[in-house]
Amino acid sequence: MCITVPEVGGEVAYYWHNLDPQQMAAIFKEGMADYHSDPQEKSKALKAQADSFNWKTAAAAYIDVYKSLL
């Protein structure tokens with residue numbers, strides 16, 4: 001079970017696979033260490049992932065779904 005939404009976070013997100021506090025803390029610490037290993041590059045990747053979500057892209061995806069149903 002993945003607690004976050006991988007189709008949103010893609011490869012740049014850090015995921016919890018359960019709600020165990022120790023496991024969540026470990027993933028958080030690993031993620032922060034990874035981010036701080038190259039913050040400039042990580043920031044660019046995170047922004048690019050976020051920028052991939054917009055109304056134009058969402059509308060096109062819905063149109064594709066509707067077309068597939070016809």
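A salt bridge here is a side-chain nitrogen of Lys or Arg within 4 Å of a carboxyl oxygen of Asp or Glu. The structure is a predicted model, so to speak of local features takes pLDDT of at least 70, side-chain atom pairs count only at pLDDT 80 or more, and totals for chains, interfaces and linings use all residues. Residues are numbered from 1 along each chain as its sequence is written, and side-chain values use heavy atoms, with hydrogens and water left out.

The protein has four helices and zero strands, with helices taken as DSSP runs of H or I of at least four residues and strands as runs of E of at least two, numbered from the N terminus. The C-alpha trace spans about 50 × 30 × 15 Å along its principal axes.

As for the pairs, K42 bridges to D34 at 3.1 Å between the closest N and O atoms. K42 is partly exposed at 26% relative accessible area, and D34 is partly exposed at 29% (buried is under 20%, exposed over 50%, partly exposed in between; 1.4 Å probe, protein chains only). Helix α3 (residues 39-51) holds E41 and K44, three residues and about one helical turn apart; their side chains meet at 3.6 Å, N to O. D51 and K47 also lie in helix α3, four residues apart, and pair at 3.2 Å.
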